[in-house]
Amino acid sequence: MRPKLVAGLALGAPIVLFGLVGPLLVQDPARVGDIGLSGPSAEHLFGTTQTGQDILAQLAYATRGSLIVGAIVGVLTLLLSGFAGIVGAYAGGWTDEAFSLFTNVMLVIPGLPLVIVISTYLPDRSLVLVSIVLAITSWAGSARVLRGSTLSLRNRDYVKASRVAGEKHWRILLVEILPNLIPLLAAQVVFAVIFAILGEAGLSYLGLGATGSFTWGTMLYYAQNGLALRLGAWWWFVPPGLLLALFGAALALINFSIDEIVDPRLRERTRAARRGWRMTRAQLREAEEATL
């Protein structure tokens, strides 16, 4: 197993487990207590907010909320980009032209301003609704990548042989083309999850995230409004910010490892770079002279 993949799983798996199991073991995150803005203690391991709410409980529910957003956006992006990129490219003709035109239009529309505008005009924003808005603005890039790969696979000899043999189109897509796109699809889904979690955190930090739900972004938003940084309440904003950074790094490492699987040239470059790290200055000088 690749080192980047191992490191990514080692960072991401505990966070996912915390988001799945944590809400079952903590108290109600919205319950107001009589000890406001207190630091970590035996009673409150991660301290409390200004209104006495337990930060550990909020962090557990916020982790689950952010993971839900990432999962929904990942699935929707997979479906939208796969339909527009794979099915359109395989069908060809006017179908491919129509899907390609629509994809290009979505690519030139600035994503973040569109998300902000849509979120502004939605008074009641649930996690699912925010996820749908993020998915609508993030699938086009993946569809463009999948279209290029599908166009290449469509002209392979084994695909042409399946057509000549009279295989049904849906079977050619599922059996001959889709298995070759699985590593690429996995990389696109991981990238979509990264975009979703960071995008939702940015929206929530601006006050445009999901209402009535806890995510890492909403925790940072409430910490900002509560003047946590000015009051020195580091236990309020550091945990969600740290989990957001660690989970983003974990998904990035997983995405890098998938890219190396998809493109062997990246793997060879990584190995060459590692060999270069172990070389002495004299060896590096000899290698440079040999390439000149």
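Of the contacts (heavy atoms within 4.5 Å) in the protein with a separation of 6 or more, 70% are between residues 24 or more positions apart. The model is predicted, with local features requiring pLDDT of at least 70, side-chain atom pairs counted only at pLDDT 80 or more, and totals for chains, interfaces and linings using all residues. Residues are numbered from 1 along each chain as its sequence is written, and side-chain values use heavy atoms, with hydrogens and water left out.

**Whole chain.** Display the protein as a cartoon: it has 13 helices and zero strands. Helices (H or I, at least four residues) and strands (E, at least two) are DSSP runs, numbered from the N terminus. Next, show the surface, whose accessible area is about 15,900 Å², 67% of it belonging to carbon and sulfur atoms; the method is Shrake-Rupley with a 1.4 Å probe, and for residues only the protein chains shown count as cover. Of the 292 residues, 40% are buried, that is, under 20% relative accessible area, where exposed means over 50% and partly exposed in between (1.4 Å probe, protein chains only).

**Helix H1.** Select residues 3-25, the range of helix H1. The end C-alpha atoms of H1 are 33 Å apart, in agreement with the 33 Å that its 23 residues should span at 1.5 Å a residue; the expected span is 1.5 Å times one less than the number of residues. At Gly 19, H1 bends by about 35 degrees, and Pro 23 follows within four residues. The bend is the angle between axes fitted to the seven residues ending at a residue and the seven starting there. Buried positions in H1 include Gly 8, Gly 12, Ile 15 and Gly 19. Val 21, also in H1, counts as partly exposed because its relative accessibility is 35%. From Val 21, draw a C-alpha to C-alpha distance to Ala 60: the two are 8.3 Å apart in space and 39 residues apart in sequence.

**The largest nonpolar core.** A nonpolar core is a set of buried Ala, Val, Leu, Ile, Met, Phe, Trp, Tyr and Cys residues joined through side-chain atoms within 4.5 Å. Select Val 190, Ile 197, Trp 216, Trp 236, Phe 247 and Leu 251, which touch the most other members among the 25 residues of the largest core. Two or more residues of this core come from each of helices H2 (55-91), H8 (169-205), H9 (216-225) and H11 (234-262). H11 gives the largest share, eight residues. Apart from this core lies another, of twelve residues, including Val 69 and Leu 127.

**Salt bridges.** Two salt bridges are present, each a side-chain nitrogen of Lys or Arg within 4 Å of a carboxyl oxygen of Asp or Glu. Select Arg 147 and Asp 96, whose closest N and O atoms are 2.9 Å apart. This pair links distant parts of the chain, with Arg 147 in helix H6 and Asp 96 in helix H3 (residues 93-108), 51 residues apart. Both Arg 147 and Asp 96 are buried. Move on to Glu 167 and Arg 171, which meet in a salt bridge at 3.5 Å, N to O. Glu 167 is partly exposed, at 32% relative accessible area, and Arg 171 is partly exposed, at 33%.

**Last stop, Ser 142.** Select Ser 142 in helix H6 (residues 140-154). Ser 142 is buried, because its relative accessible area is 3%. Leaving aside neighbours within four places in sequence, Ser 142 is in contact with Thr 77, Ser 81 and Gln 188.
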